[in-house]
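Reader: I am new to this structure. Could you take me through its main features?

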Amino acid sequence: MPITQHSATICAGTLELTLHEQGERLEELLAFGSRLNPRRGYLFISRVLGKHIPVRPSAMDSIHAELASAIQLLGSTAYVVGMAETAVGLGAGVSRHLAATHDDSVFHHTTRFTVATPWIRIREAHSHADTMHLARLGVEAQAAVSEVQDLVLVDDEITTGRTLAQLARALMIQPELARVKRLHIVSLVSWLSPTARQALLDQLPETLEVRFVQLMAGEFTFHPRPDFAPSLPDDVDTGFCQAIAHRQHRPLPIENEGLYGKVMSSRQQPPPAMLEAIDITPDVPVVVFGMGEYLDAPFRLALQLEQRGQEVLFQSSTRSPIAVADAVTSRIEHAAPDAGGKRHYLYNAPARHLPLAFDGIGRIDLSRELEANHLQSFSRQACP
């Protein structure tokens with residue numbers, strides 16, 4: 001394979017990339033930004049994930065399908081875990097495409113919501129919000145997982161692999177996964193050096209077969225700029241969110257989308273219920289906003305809108321603070337679900353698109369705030 005070199009200068013410093021797998025896809029897959037986080041200054045910004053850059057839903061769906069097609073399952077089903085919050089939608093899409101060509105799949109995602117039944121807790125050392133957990137699987141998902149031979153861990157990009165190794169170790173000792181023989185580590189981009197890859201493998205059982213699937217791979221070095229000394233904003237959201245911990249009524253939308261596991265089958269899924277309430281003139285450009293970990297249902301809605309002829313983009317807000325510089329040209333904020341003045345962010349939102357935001361936790365005030373802030377932000381920038 002040809003090896004290509006690339007250098008990217010950002011506010012935080014300089015990234016030197018050595019790409020040894022599909023390096024020609026760099027411009028398609030990645031942009032670069034600077035974190036407002038003293039633990040790690042650089043940020044790889046995906047152009048196809050639908051998080052920090054808006055993306056056509058069909059383009060995202062093609063990426064999900066491409067990754068799923070490269071996963072060779074040992075059995076006829078899989079247990080797919082997406083990493084919160086960035087890779088929740090990616091994991092769900094991969095799981096859906098695996099289910100379409102196999103018996104079914106079970107999708108689950110890590111979370112920073114406090115839940116009544118935590119199962120596994122892990123640390124993500126570089127993150128500003130460094131602790132997450134998995135909720136215990138629901139009855140149907142747990143029964144389905146007990147039959148799987150394939151564990152699929154999905155992240156948007158892998159730098160050291162330490163978090164994934166930690167999660168894999170914790171999962172492999174669970175009795176529910178006693179039949180798992182093959183682990184698939186799936187990402188859009190892998191930066192694992194041979195040493196880091198071996199360190200990851202050394203932490204896993206020798207009897208576990210491990211396969212790596214990614215769209216692009218390489219290594220990088222980062223040279224920080226000495227005078228770039230970011231600190232976390234005072235209103236950044238770093239803790240667990242209590243917004244769904246004490247609900248008294250029926251399950252919230254986010255709880256049906258993988259928080260407690262979701263069995264996906266080869267049968268075609270019905271369109272999201274919220275599609276029925278959407279009545280938009282076909283010639284109006286639309287942007288659909290997921291919020292935080294609530295990604296997959298809004299994405300499916302956006303995909304349905306695109307398939308019926310709407311001009312539509314999709315992206316999601318995030319709790320991660322990023323400098324408005326480099327590949328980040330704008331920032332819109334909205335209140336975090338918990339009280340206390342914390343904020344979440346939306347980057348690079350498209351102008352002149354009608355916003356449709358979905359919070360997934362029964363807080364329509366948050367969705368409406370994000371929509372209003374989007375409209376207000378771009379109305380201020382409009383020509384007189």
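Author: Let us begin with H52, which is buried, with a relative accessible area of 8%; buried means under 20% relative accessible area, exposed over 50%, and partly exposed in between, with a 1.4 Å probe and protein chains only. The model is predicted, so local features need pLDDT of at least 70, side-chain atom pairs count only at pLDDT 80 or more, and totals for chains, interfaces and linings use all residues. Residues are numbered from 1 along each chain as its sequence is written, and side-chain values use heavy atoms, with hydrogens and water left out.

Reader: Where is H52 found?

Author: H52 sits in the loop between β4 (42–46) and α2. Helices (H or I, at least four residues) and strands (E, at least two) are DSSP runs, numbered from the N terminus.

Reader: And what is H52 in contact with, leaving aside its neighbours within four places in sequence?

Author: With those neighbours set aside, H52 is in contact with I45, Q315, T318, I322, Y347 and N348. Contact means heavy atoms within 4.5 Å.

Reader: Let me change topic. Which residues touch the most other members in the largest nonpolar core?

Author: They are Y79 and L171, in a core of 117 residues. A nonpolar core is a set of buried Ala, Val, Leu, Ile, Met, Phe, Trp, Tyr and Cys residues joined through side-chain atoms within 4.5 Å. Helix α5 (residues 162–172) gives this core its largest share, 7 residues. There is also a second, separate core of 9 residues, with A31, I45, I53 and Y347 included.

Reader: What does L171 contact beyond its neighbours within four places in sequence?

Author: L171 is in contact with Y79, V81, W119, I120, L134, L151, L153 and L177.

Reader: How many residues of α5 are buried?

Author: In α5, 8 of the 11 residues are buried, and L164, L167 and L171 are among them. What covers these buried residues includes β5 (77–82), β7 (118–123), β8 (131–135), β9 (150–158), β10 (182–190) and α6.

Reader: Now α7, please. What span does α7 reach?

Author: Helix α7 (residues 296–307) has 12 residues and reaches 16 Å from its first C-alpha to its last, close to the 16 Å expected at 1.5 Å a residue. That expected span is 1.5 Å times one less than the number of residues. The helix α7 is mostly covered, with 10 of its 12 residues buried. Those buried residues pack against α2 (57–69), α3 (88–101), β12 (262–265), β13 (286–291), β14 (312–317) and β17 (354–357). After α7 comes G309, with a positive phi near 105 degrees.

Reader: How many cavities of 30 Å³ or more are there?

Author: A search of the whole structure finds 4. On a 1 Å grid over the protein atoms alone, a cavity is a set of points where a 1.4 Å probe fits but cannot get out, and lining residues have an atom within 4 Å of a point. Grid points are joined across faces, edges and corners, and a volume is the space filled by probe spheres set on the points. The largest cavity has a volume of about 150 Å³. Of its 15 lining residues, F113, G292, E293, P337 and H344 are the closest to its centre.

Reader: And which residues line the second largest cavity?

Author: The lining of the second largest cavity includes K51, T86, D296 and F299, and α3 and α7 each supply at least two of its residues. This cavity holds about 70 Å³ of space.

Definitions and conventions. 1 Å grid on protein atoms, 1.4 Å probe; cavity = no way out; pocket = protein on both sides within 12 Å on 5 of 7 lines; lining within 4 Å.
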